[in-house]
Amino acid sequence: MTRCKHCNVIVDNQHRQCPLCSRILDNDGESITQYPSYQKIYYQMKDFSITKIFLFLTISAIIVLLTINLLTIQYYSQLWSTIPILCLLYAWITYKKTILSNTHIGNKILVQFFSISALLLAIDICNGFSKWSTTYVIPFLSIALTLLLSIFAARKSYWQEYMGYLLATFFINLSSIVLLFFHLSNAIWTSITAIVYTLLTVIGLVIFSDRKFKEEMKKRFHL
Amino acid sequence: MKEEFAVIKWYRLDNAANLFPSVTNIHNTSVYRVSVILKEQIDRDILQKSLDCVYHRFPMLFVRLHKGVFWNYLEQNTSKFTVEEDKEYPCHYITKIKGNSYLLRVFYYRNRISVEIFHSLTDGNGAIEFMKSLLYYYLVFSGHTIRLDQNILLADGGVDSCDIEDGFSNYYEKVDMKPNKEKNAYHITGTQFENYGNNVIHGVVSASKLNAVAKQKGATITSFLSALIIYSIYQTRMQYSSHKNPIVVTVPVNLRHFFPSKTLRNFFGVVNIGADITRETTVDQIILKTTEMLKEKTQKENLLQNISKNVALEKFGAAKFVPLFVKDFFVNLGFDIFGEDKKTITLSNLGRILIPQDMYEYVQQFETVLYTTPKSPINCGVCSTNDRLVISFSRIIVETDIIQYFFSHLAEKEGVEVEIYSNDWGIDYDKV
């Protein structure tokens with residue numbers, strides 16, 4: 001322990017320089033108040049990373065595709081570049097939100113559902129919007145979503161954590177009634193099938209485990 | 001693989017705890033640290049064994065945060081809890097805050113055991129009770145005999161409802177609200193470290209000496225240190241500038257001293273003591289002012305105002321039906337307008353930590369480190385045991401002028417010897 005003459009304080013042994021004024025001190029050792037060295041952490045915090053490389057490559061690919069499309073628009077008047085661009089965006093969402101992310105699997109499945117629906121809907125729109133995505137893809141994806149969540153939930157003895165997601169799916173399916181109202185779908189039976197399937201799942205949930213269901217409602221809504 | 005937990009316990013967040021999940025991010029982690037430095041090096045296996053022992057005595061601490069539709073809530077965490085070696089800067093962000101991670105961390109490095117807690121779980125008082133129990137079992141499993149002449153929460157003591165009650169709701173009374181007419185406070189600015197993180201400088205003084213000096217000036221340790229901080233900020237930053245805002249120190253107050261409660265959750269209020277300083281103001285004048293303000297604002301009626309203001313918002317009927325993301329937005333706004341804008345720096349004094357007499361032989365000192373925020377880049381934590389009082393400044397800016405002035409003044413003008421050490425985060429000694 002040495003005194004820093006400038007600050008007039010005693011400085012513990014591990015410091016070669018005064019933490020207050022940075023002047024050099026005569027200390028040479030270690031002490032019990034020592035903290036770990038952060039060199040490794042600094043190194044990990046450095047700017048260079050794989051994610052940033054991929055980000056740069058993806059953005060470059062998007063800009064290049066768009067440029068080529070616009071430059072050749074007079075020869076080929078479709079905006080074909082939107083399809084590979086949307087696929088790249090989907091790849092990014094999958095990378096960040098599904099592979100890298102630490103959230104619950106239910107959350108990941110929901111995000112995948114939304115992104116795949118959005119991707120296929122966009123491709124449909126870019127190709128003349130013959131409504132195949134809204135008629136067939138989205139309703140059947142919803143059924144798959146509910147089924148997948150049910151399977152995951154059934155595997156665990158603590159299935160309640162999936163309840164929020166199952167309820168969300170139910171409301172998503174209900175909202176597909178909107179599709180019918182705006183004539184965005186070519187056939188009613190697909191959306192109705194999806195709604196009925198999810199409704200049956202929720203009813204089954206309420207009937208077969210009604211005490212646990214009530215407990216979950218209390219938790220989530222603080223009733 | 002089927003899990004063994006048939007019933008998973010869950011807890012509502014207490015009134016103060018509701019704030020933190022909404023405002024927490026990497027620059028405002030809401031994680032604070034309480035550490036103890038022992039005279040012998042820490043044995044990892046004994047520490048893990050002690051932790052496994054106290055785990056079931058503090059179930060409200062070993063939880064994960066779950067996002068509900070209208071409220072967040074805490075749920076028992078069923079994964080294994082392990083102690084880790086200290087590697088990162090103190091009070092760094094818990095990344096999986098809304099995922100599966102624990103909201104509490106126990107670190108060890110050389111002679112130091114550190115407990116880092118997300119503020120939604122408990123306040124400084126609760127953290128200390130946990131640390132005391134952990135430390136007690138650590139020393140006992142290390143082969144030392146410790147007689148229980150002080151209150152320690154033992155592992156075989158059951159958890160009763162007093163431990164998890166919401167003190168705020170308990171003492172809530174409908175009172176007439178006095179309007180809040182505080183001015184915006186002065187904010188400290190500086191150059192951020194190249195690598196973002198908390199640099200901590202600790203200053204150790206004799207608790208009895210500091211107490212004597214404070215008493216001589218008619219102050220308590222808290223009001224004395226607050227005054228000194230205000231004076232240091234003025235002398236280093238405001239003296240020659242055109243800023244006219246008051247320097248305000250936020251002091252968290254343990255409400256258990258005024259409203260009896262055994263709760264191990266949050267039960268604290270914050271009191272703002274500030275001063276408009278001029279060049280002619282002396283340190284002693286500031287000390288008188290802070291002492292008077294602290295005394296007045298910790299009168300029971302004023303503290304009740306504090307409690308009521310917060311609980312009223314939560315109990316407001318319609319709040320039950322406002323979705324969480326909307327609540328988050330307003331909480332954030334309120335936090336800025338009524339919280340961050342109105343203060344310069346936080347000074348949290350956890351007071352004397354009372355441990356059994358036999359422990360003094362093995363304990364060097366305790367430390368408490370607060371988290372920083374963008375508008376409050378320097379914060380101060382104080383605690384003491386066995387005549388060693390440790391004042392810890394955490395900062396995210398390079399400049400040490402305020403802290404240097406503070407300690408030098410203490411050493412030279414008040415005659416209190418100071419011993420300094422730091423974690424040296426962000427300091428590149430080749431460049432300095």
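**Close-up views of a two-chain predicted model**

**View 1. Where chain A meets chain B.** Putting the two chains together buries about 4,600 Å² between chain A and chain B, and carbon and sulfur atoms give 55% of that area. Keep in mind that this is a predicted model. On one side of the meeting place, 40 residues of chain A take part, and they are in contact with 54 residues of chain B. How many salt bridges does the rule find across the interface of chain A and chain B? There are two. For one that joins the chains, look for Glu417(B) and Arg3(A): their side chains meet in a salt bridge, with N to O at 2.9 Å.

View 2. Over all chains, a search of the whole structure turns up 19 salt bridges.

**View 3. Helices α2 and α3 of chain B.** Here helix α2 (residues 44–54) of chain B and helix α3 (residues 124–141) of chain B have axes that come within 8 Å and cross at roughly 125 degrees. So α2(B) and α3(B) lie oblique to each other. The crossing of α2(B) past α3(B) is right-handed.

**View 4. Helices α3 and α4 of chain A.** Now switch to chain A, where the axes of helix α3 (residues 82–99) and helix α4 (residues 105–126) come within 10 Å and cross at roughly 175 degrees. That angle is why α3(A) counts as roughly antiparallel to α4(A). Among the α3(A) residues in this contact are Ile83(A), Leu86(A), Tyr90(A) and Lys97(A), and α4(A) brings in residues including Lys108(A), Val111(A), Leu119(A) and Cys126(A). The contact of α3(A) with α4(A) has eleven nonpolar, five polar and two charged residues.

**View 5. Helices α5 and α8 of chain A.** Parallel or antiparallel: how do α5(A) and α8(A) run? Helix α5 (residues 132–155) of chain A packs against helix α8 (residues 188–208) of chain A at an angle of about 15 degrees, with the axes 8 Å apart. α5(A) and α8(A) are therefore roughly parallel to each other. Their crossing is left-handed. From α5(A), residues including Thr135(A), Phe140(A), Ile143(A) and Ser150(A) join in, and among their partners in α8(A) are Trp189(A), Ala194(A), Tyr197(A) and Thr201(A). By class, the α5(A) and α8(A) contact splits into eight nonpolar, nine polar and no charged residues.

Conventions:
Residues numbered from 1 in each chain as written. Chains lettered and ligands numbered in written order. Predicted model: local features only at pLDDT ≥ 70, side-chain atom pairs only at ≥ 80, totals over all residues. Heavy atoms only, no water. Axes fitted to C-alpha atoms, helices over the stretch in contact; angles between N-to-C directions. Helix = DSSP H or I, 4+ residues; strand = E, 2+ residues; numbered from the N terminus. Parallel < 35°, antiparallel > 145°, perpendicular 65-115°, else oblique. Left-handed = near helix turned anticlockwise from the far one by under 90°. Contact = heavy atoms within 4.5 Å. Buried area = accessible area lost by both parts, 1.4 Å probe. Salt bridge = Lys/Arg side-chain N within 4 Å of Asp/Glu carboxyl O. Nonpolar A, V, L, I, M, F, W, Y, C, P; charged D, E, K, R; others polar.
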